[in-house]
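Student: Could you walk me through this model? I'd like to start with the overall fold and then go to the packing.

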Amino acid sequence: MKITVITGSPHKNGTSALLVEKFIDGAKEAGHNVFRFDAAFEDVKPCVGCDHCKTEGSSCIYNDSMNKLNDQLISADMVVFATPLYYLGMTAQIKTVIDRFYATEPKLMGNKKALLMATAYAPNDGIMKLLTEHYKTIINYLKWEDAGAVLATGCRVLSDIEQTDYPNQAYEMGKNA
């Protein structure tokens with residue numbers, strides 16, 4: 001299986017980064033091909049809604065890091081979204097990438113699985129409600145199958161999440177993808 005992992009955290013060694021590393025370890029152990037795209041450390045410009053990609057029948061007007069992600073997204077069997085919770089939603093970095101799906105939308109529709117991994121400082125499970133609803137809306141629109149989620153609450157810093165079962169859950173999801 002070909003898996004594309006998109007991360008949204010600006011922290012290279014943060015809580016969601018640990019989940020991603022464990023997921024990738026499990027996926028590679030199972031023989032899957034994994035491409036990781038760390039949105040916060042790439043040059044991704046926001047969609048400006050110019051419709052050049054639709055009206056001109058060509059690619060986006062921007063020549064940025066989406067060029068290396070697009071082929072990986074289109075050919076992926078699974079897309080994993082990994083983000084810390086920022087103000088009840090995904091980070092701006094990962095949202096910017098998702099907004100740019102617009103340029104390749106027809107090629108992305110259908111025949112993919114999706115998975116959400118998210119971390120939050122707050123200890124209550126309800127804190128993830130808006131994020132999971134947004135995620136489900138996106139994948140339903142794209143006609144992708146929901147493959148599950150790891151929603152790590154009560155994990156403000158790396159040492160918090162290391163003391164939980166969440167990294168193991170991410171590993172098992174990768175192994176069983």
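Student: How many strands form the sheet, and in what order?

Tutor: Five strands form an open sheet, in the order S2-S1-S3-S4-S5, and the pairing is parallel; here two strands pair if DSSP finds at least two bridges between them, and strands (E, at least two residues) and helices (H or I, at least four) are DSSP runs numbered from the N terminus. Bear in mind that this is a predicted model, in which local features need pLDDT of at least 70 and side-chain atom pairs count only at pLDDT 80 or more, while totals for chains, interfaces and linings use all residues. Residues are numbered from 1 along each chain as its sequence is written, and side-chain values use heavy atoms, with hydrogens and water left out.

Student: Which are the edge strands?

Tutor: Strand S2 (33-38) and strand S5 (145-152) are the edge strands, each of them pairing on one side only. The twist from one strand to the next averages 15°, where axes are lines fitted to C-alpha atoms, for helices over the stretch in contact, and angles run from 0 to 180 degrees between N-to-C directions.

Student: And how many bridges join S3 to S4?

Tutor: Seven bridges join S3 to S4, which run parallel, and Met78 stands opposite Lys113 in S4. On the S5 side, six bridges join S4 to S5, again running parallel, with Lys113 opposite Glu145 in S5. Strand S1 (residues 2-7) is joined to S2 by six bridges, and the partner of Ile6 in S2 is Phe37.

Student: Is S4 mostly covered or mostly open?

Tutor: S4 is mostly covered, since six of its seven residues are buried, where buried means under 20% relative accessible area, exposed over 50% and partly exposed in between, with a 1.4 Å probe and protein chains only.

Student: What about helices, which strands does H3 lie across?

Tutor: H3 lies across S1, S2 and S3 and runs at about 135° to S1. H4 also lies across S1, S2 and S3, running at about 150° to S3.

Student: Switching to the core, which residues touch the most other members?

Tutor: In the largest nonpolar core, which has 28 residues, these are Ile6, Phe81, Val97, Phe101 and Trp144; a nonpolar core is a set of buried Ala, Val, Leu, Ile, Met, Phe, Trp, Tyr and Cys residues joined through side-chain atoms within 4.5 Å. Helix H3 (66-75), strand S3 (78-84), helix H4 (92-99), strand S4 (113-119) and helix H6 (129-142) each supply at least two residues of this core, and the largest share, five residues, comes from H6. Apart from it lies another core, of 21 residues, among them Val5, Leu19, Tyr166 and Ala170.

Student: What is Trp144 in contact with?

Tutor: Leaving aside neighbours within four places in sequence, Trp144 is in contact (heavy atoms within 4.5 Å) with residues including Val79, Phe81, Phe101, Leu108 and Ile139.

Student: Back to helices, how far apart are the end C-alpha atoms of H1?

Tutor: They are 22 Å apart, which agrees with the 21 Å that the 15 residues of helix H1 (residues 15-29) should span at 1.5 Å a residue, the expected span being 1.5 Å times one less than the number of residues. Gly31, whose phi is positive, near 95°, follows H1.

Student: Last one: is Gly126 buried or exposed?

Tutor: Gly126 is exposed, with a relative accessible area of 52%, and is found in the loop between S4 and H6.
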